[in-house]
Amino acid sequence: MKQAWKGGTLLYPLPAVLVSCGTNEASNLITVAWTGIVCTNPPMLYISVRPERYSHGLISANMQFTVNLTTASMARATDLCGVRSGRDSDKWELSGLTPYPGVAVECPAVAESPLSLECRVRSITHLGSHDMFIAEITGALADDMYMDADTGKFSLEKAGLMSYSHGGYYTQGELLGTFGFSVKKKKKQ
């Protein structure tokens, strides 16, 4: 038996990311869970931000931002950047995170993030409580620590990525299968 509820924002888990915005000289961090990929070619993603948030103004003014994936070791800093306002404090200093100069955009990435996606805003859609920024991913900054020296593959699964689910932060669990495993043909012996 299932209970019938009215519609709500119960799609979980979500990535818990830090979005850096502003410029390399004057920037801010905001925690975002409402994000995802929307297109492969060109590579695009979205973030949804409340208009009253300080970062909303920075993103709207500069039309760029960087999505920084977070890890278990970044949980406290990620939470802090979601509950404090950049209007009142320097979140870089409060969180202990380090700005890394942007390459494809003019706002910093988070040095501690295993992967940062540099984005340029293509459109802003006013939805109600949030505005959705749809952006093209113009560059990616990958931490050398997760490069497999033997294969040259980026091993993001070793980073201990963090997600957000119904008020809590969680690390990724065990690998259950890879894309297409359900239809993969078994090797003949």
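What follows is a set of questions and answers on this structure.

Student: What kind of model is this?

Tutor: Local features need pLDDT of at least 70 and side-chain atom pairs count only at pLDDT 80 or more, while totals for chains, interfaces and linings use all residues, for this is a model that is predicted. Residues are numbered from 1 along each chain as its sequence is written, and side-chain values use heavy atoms, with hydrogens and water left out.

Student: In what order do the seven strands of the open sheet run?

Tutor: Strands here are DSSP runs of E with at least two residues, helices are runs of H or I with at least four, and both are numbered from the N terminus. Two strands pair if DSSP finds at least two bridges between them. The edge strands, each pairing on one side only, are strand 3 (27-32) and strand 4 (35-39). With antiparallel pairing, the order is 3-2-6-9-10-5-4.

Student: What angle does the direction of helix 2 make with that of strand 3?

Tutor: Axes are lines fitted to C-alpha atoms, for helices over the stretch in contact (heavy atoms within 4.5 Å). Angles run from 0 to 180 degrees between N-to-C directions. Helix 2 (residues 75-83) packs on the sheet and touches strand 2 and strand 3; with the direction of strand 3, its own makes about 100°.

Student: In the open sheet of three strands, what is the order?

Tutor: Strand 11 (residues 162-165) and strand 12 run antiparallel and are joined by four bridges. Within them, Y164 has Y169 of strand 12 as its bridge partner. The edge strands are strand 1 (14-15) and strand 12 (168-171). The order is 1-11-12.

Student: Is C21 buried or exposed?

Tutor: The classes are buried (under 20% relative accessible area), exposed (over 50%) and partly exposed in between, with a 1.4 Å probe and protein chains only. C39, at 28%, is partly exposed. C21 has 0% relative accessibility and therefore counts as buried.

Student: How far apart are the closest N and O atoms of R50 and E52?

Tutor: A salt bridge is a side-chain nitrogen of Lys or Arg within 4 Å of a carboxyl oxygen of Asp or Glu, and the structure holds two. R50 is partly exposed at 37%, and E52 is partly exposed at 47%. Their closest N and O atoms are apart by 3.8 Å.

Student: Which residue meets E136 in a salt bridge?

Tutor: E136 lies in strand 10 and its partner in strand 9, 14 residues apart. The N to O distance is 2.9 Å, and the partner is R122.

Student: What type of pair do Y146 and F154 form?

Tutor: Rings of Phe, Tyr and Trp (its six-membered ring) pair if their centres lie within 6.5 Å; planes under 30 degrees apart are stacked, over 60 edge-to-face, and the rest tilted. Y146 is buried at 14%, whereas F154 is partly exposed at 21%. Their centres are 6.5 Å apart and their planes at 85°, so the pair is edge-to-face.
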